[in-house]
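Let's work through a few exercises together. Have the structure open and try each task before you read its solution.

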Amino acid sequence: MTLTSEDSMERRIKADVGSGNRRPGGPRLRPMWVVKVGLVAIGFLVPLVVTGPYQRHLVVNAAILGIFGLGVAFLIRRLGMVSLGHALYFGGAAYAFGAFSTHGGLDIVPALLLALGGVVAVALAVGSLLVRSRGIAFTMLTLAFGQFVFTLAGLTQTRSVTGGDDGLPVRMNGTLLGLTVRDFSNPTTMWTICWAVVTVVLLALGLIGRSRFGKLLEAIRENEERVRFNGSNTYLPVLVAYVVSALVAGIAGVLFALYNSFLSLDVLAWTTSGNALIVSFIGGCWTATGPLWGALIYTVGNAMLVSGGRNEWQLYVGVAVIVVMVFAKAGVVGSLQAQWVRRRERRQPPVDLVRTS
Amino acid sequence: MSAVLTLDAVSAFYGPAQVLRDVSLSIESGEAVALVGRNGAGKSTLAMALYGIPRVEGSIFVGGEPLKLTRAYHASRAGIALCPQGRRILSNLTVEENLLLGAAHARPGSWNLRSVYALFPILAERARYNGHALSGGQQQMLAIGRALMSNPRVLVLDEPTEGLSPVAIDEVIDALASIGETGTALFLIEQNLRLVSRLASRYVALVKGEVVRAGAVTGESMEELRSTVGV
Amino acid sequence: MAIQLLNALAYGSLLLILALGLAMIFGLGGVFNFGHGALYMFSAYTAYSLSSAVSFWLALVTVPAVLALVGYLVDRGAFRFLRSRDPIELAIITYGGALVVENIVVMVWGTQPRALDAPAPFNGSVSVLGDPYPSYRLFVIVFSLAVAIGIASWLRYSKMGLHVRAASRDLRMTAVAGVDTDRLNAVVAAVSFGLAGVAGVLVAPYATVSIDMGARILVIALIVTTVGGLGSIGGAAIAAIALGLIQVTGDVNLPGWSALTPYVVMIVVLIVHPRGIAGRIET
């Protein structure tokens, strides 16, 4: 069983989102791209609108959490597989980067590359064990692997590397694109970096989704037996998808380390994986940008509700998760898109929105 | 004689697809009626429709009382028992436990562990074995025994001889004939007409979810079915 | 050695109670209840307050009973209408529920860890082969194992237990046989919630009561459930006590590293039996 549902609304959403260049009728395609490029450009101007340093700090946090969510949501959207262990890659990449920089004395660029290379290697190893399982079994196994690494990082024996409960202040050496530690801790600079990464990740995940590989993944999600019966290997594509999703989470982790230059064990805890999942579901896993919006809602909501000194944030998140899952499975963005599609359909004869596979 | 099971304009749907269309039929108590049709005609859907399992429209009466289709257990408690396609023996239960499951909400009657074991002595021998340690024929006996444990008014059998050896088929048929003699109505869902002739007195033929013909089981009517319905 | 063995039994029997509760809901509907750890934590806090105000023994009776009632009502009032959903969606809903329960505990008790003294008459120690041993731990072992045996007997010998076992293999066939599977689900939810309550109350005088205790033990209980095999209480019991034993002896011989043993066990089982675990979980 996968997370996909047969009801046509969701199909429409999926088709609507994923069909940009598939829909017949070329002319409509170009305005869409103009809009997208425009949105990317406007994104870089966000610091002009968001002027307070604290507000800028929030949007940077939202972007990092959003990228993390994009990685987690990729697996859900393409394969219906829900990971609850991606803190392993988010926190793992952050700690690897921190350790290479602080203990290894490496410059930022090699530390960063080694950290991401490590994520890919670990994801391959862990994934090769995990990706045979599906459904809730997969979720529970990812949880176990994530907790394994979290527990490992908290041991007294690994304290010299991770800093244990005291956390790890990251000492960065050298520069990246001419930027130094100082620049990375500046939310305005960091926003530009994050937004660039968001753009690249969205583009890459979008291209993967539309490629033949992406089609194969969707075929596996819809009916794995049939794909196997048709002679395709399903193990390798799922493993590759898992590594891609881990890499995106790892990129978010490195950004987190760059920005905060301090790491605590929390980044490896399963609640961190849970947060990525929550923003994906609240925003909408079935849409390209849902996790980003989910992360923005989550971060801003957290700031607004917690600043009053009250201690009810988790309560709101818990209720939001329940409400979204019970009443609006497609998430906030997904539901709005469905509304929009329905409206447009009422105005004009329906285009063939159902997936043409 | 009174109707023990009556279907009145029953339609069934899987999502938007209509699988049964206005099916009406009636079974008298003690009677053996066969539902014939090719694969995909909606025969098994009709069996499950008694439990309201796909979306069902229309009315079903058991012993004159309307049957609630909201929950699957109503049918069993009203006096319908099903030997489902593929038998669905619970492999984590023993033979005896499988039988006891059938008695979850038994109506009063003469069927109990002892009488089922008397009908199928092999089940008594294997009482403590796991359900899936039985041969195909023994599993079918277990499925029939499990259904009998509820003391049904109608025993619904969905392809009871599918995949069985000729010897096992004879055993199952003999057992069903003796059950029919106790007054329990049999509703046999089958595409093997030889079997239909041996057990049933009346038939109802289903094509694409609709009743196309019905009548007494005779040599000629079976011949006709073979050519028209193509079973 | 005897002391270590007893510590392993005490820890293992608590794990067993938790794992049984998880496995029951899982076995019937395939839903992993992320709220289980939160219920356990909530029960420990409630036991702390009730013990301080009235009596631990009152907590041991009332907390599981109230939780069982809550489980019954939650199933009848909410989960019944969501049964057709994908189990993963339901699991995420329970994750939201866990956040809510955790926050309620924080609102009521704050984030400060609490410690509770063992209740009389188990507040002393007894001599085990010449060494003093806290008698409350012996009580935990005996009580937990009695509860586990009770649950196992209920499943094995009662009519409803038979229906639960049948439904965990084939829900539809069980309903066709005349069992009200909705009610069965609610009863199983009640038993599961009640078991979380038992474990939570038992642990309160045994270990520090803290907000993260539920989330931490949930994953271990999950591992016990999967390694031991769902639906197999015997398997879960062996896995829970073996895990307790490995961890407790490891604490002495390999301090620190032993915390990793549950995960290593899980990973080894996964390598040896890649389909085994998955297959078991999904049935």
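Contact here means heavy atoms within 4.5 Å. By that rule chain A and chain B do not touch, and their nearest C-alpha atoms are 9 Å apart. A heads-up: this is a predicted model, where local features need pLDDT of at least 70, side-chain atom pairs count only at pLDDT 80 or more, and totals for chains, interfaces and linings use all residues. Residues are numbered from 1 along each chain as its sequence is written, chains are lettered from A and ligands numbered from 1 in the order in which they are written, and side-chain values use heavy atoms, leaving out hydrogens and water.

**Exercise 1.** Describe the interface of chain A and chain C.

*Step 1: contacts.* Chain A brings 45 residues into contact with 45 residues of chain C. Of the 2 pairs of chains that touch, A and C have the most contacts.

*Step 2: area.* About 4,000 Å² is buried between these chains, with carbon and sulfur atoms giving 78%. Buried area is the accessible area (1.4 Å probe) that two parts lose on being put together, summed over both. On the chain A side, Ile136(A), Met140(A) and Trp270(A) lose the most, together 16% of what that side buries.

*Step 3: charges.* The rule finds 1 salt bridge across this interface: a Lys or Arg side-chain nitrogen within 4 Å of a carboxyl oxygen of Asp or Glu. Glu89(C) and Lys329(A) form a salt bridge through their side chains (3.5 Å, N to O).

**Exercise 2.** At what angle do α4(A) and α14(A) pack, and which residues meet?

*Step 1: find the helices.* Helices are DSSP runs (H or I, at least four residues), numbered from the N terminus. In chain A, α4 covers residues 53-79 and α14 covers residues 270-283.

*Step 2: angle.* The angle is about 75°, and the axes lie 8 Å apart. That makes α4(A) roughly perpendicular to α14(A), a label for angles of 65 to 115 degrees. Axes are lines fitted to C-alpha atoms over the stretch in contact, and angles run from 0 to 180 degrees between N-to-C directions.

*Step 3: The contact residues divide into 9 nonpolar, 4 polar and no charged.

Technical notes: Helix = DSSP H or I, 4+ residues; strand = E, 2+ residues; numbered from the N terminus. Parallel < 35°, antiparallel > 145°, perpendicular 65-115°, else oblique. Nonpolar A, V, L, I, M, F, W, Y, C, P; charged D, E, K, R; others polar.
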